[in-house]
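Hi,

Here is the structure I promised to send over. Have a look at it first, and then read on for what turned up.

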Amino acid sequence: MLAHPALERSRANRALAKAAKSLSCVTFRDLYETYPDFAIDIEAEQALLVAHDVIALQFPLYWYSTPALMKEWLDLVWLHGFAYGHDGVALRGKRLFVACTTGASAKAYHAQGYNRFTMDEFLRPLEQTAHLCGMVWETPFVVHGAAVKDDEALKAEAERYKARVASLLPQKTLSEKKGA
């Protein structure tokens, strides 16, 4: 699930998206392309979540959080009784994986850094969401200083991302796709 309100201007997120889409067993969704008016089809989104074992959220870190549409998507789709609560078991056991980009370098994300907190601390609400829903929290994939990386560095990050996404997918699914 990609959320970037200006993907056409993002070299890094476009490179990561292209890498993820190149894996045949990945269902790729761009929230801003799918819901430019923010009118989210809750039932369709819930059906997609149920159909997948790994839920990946890709976004640029905006004001230390997700972009607005991803937050709206979480608020509307990950409902009590579906994602959490007594009867909310639809996501239980699934894996939640976050991939995000930042404008600042990695050294800016620590107690003495410009941003005062680590990326783990900024992503803690999503980690807690995974916990609340009974999901497995996967170590996030972060590309720091995305705007200043040259084409070769972005290509390397995209390859690293593709390998990481592939490592999260069930090997049975990958081998079935290769044999098809």
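In which helix is the place of N13? N13 sits in helix α1, where helices (H or I, at least four residues) and strands (E, at least two) are DSSP runs numbered from the N terminus. Before going further, a word on provenance: this is a predicted model, so local features need pLDDT of at least 70 and side-chain atom pairs count only at pLDDT 80 or more, while totals for chains, interfaces and linings use all residues. Residues are numbered from 1 along each chain as its sequence is written, and side-chain values use heavy atoms, with hydrogens and water left out.

Back to N13. Its relative accessible area is 1%, so N13 counts as buried (under 20% relative accessible area; exposed is over 50%, partly exposed in between, with a 1.4 Å probe and protein chains only). Apart from neighbours within four places in sequence, N13 is in contact (heavy atoms within 4.5 Å) with L2, H4, L7, Q58, F59, P60 and T101.

With neighbours within four places in sequence set aside, the contacts of T101 include A12, N13, L16, F59 and P60.

Now for α1 as a whole. Its buried residues are A12, N13, A15, L16, A17, A19 and A20, and they pack against β1, β2, β4 (141-143) and α7.

Two packed helices are described by the angle between their axes and the distance between the axes. For α1 and α7, the axes come within 8 Å and cross at roughly 40° (axes are lines fitted to C-alpha atoms, for helices over the stretch in contact, with angles from 0 to 180 degrees between N-to-C directions). The crossing of α1 and α7 is right-handed, that is, the near helix is turned clockwise from the far one by less than a right angle. On the α1 side the contact is made by R11, A12, A15, L16, A19 and A20, and on the α7 side by D151, L154, E157, A158, Y161 and K162. These residues divide into 8 nonpolar, no polar and 4 charged (Ala, Val, Leu, Ile, Met, Phe, Trp, Tyr, Cys and Pro are nonpolar, Asp, Glu, Lys and Arg charged, and the others, Gly among them, polar).

There are pockets to look at as well. On a 1 Å grid over the protein atoms alone, a pocket is an open set of points where a 1.4 Å probe fits, with protein on both sides within 12 Å along at least five of seven lines, and lining residues have an atom within 4 Å of a point. Volume is the space filled by probe spheres set on the points, which are joined across faces, edges and corners.

- The largest pocket holds about 500 Å³. Of its 25 lining residues, V26, T27, H52, V54 and A56 lie nearest the centre, and β1 gives the largest share, 5 residues. The lining has 19 nonpolar, 4 polar and 2 charged residues.
- The second largest pocket has a volume of about 340 Å³. Its lining counts 18 residues, with P60, Y62, T101, T102 and G103 nearest the centre. Helix α1 (residues 11-21) supplies the largest share, 3 residues.

Best wishes
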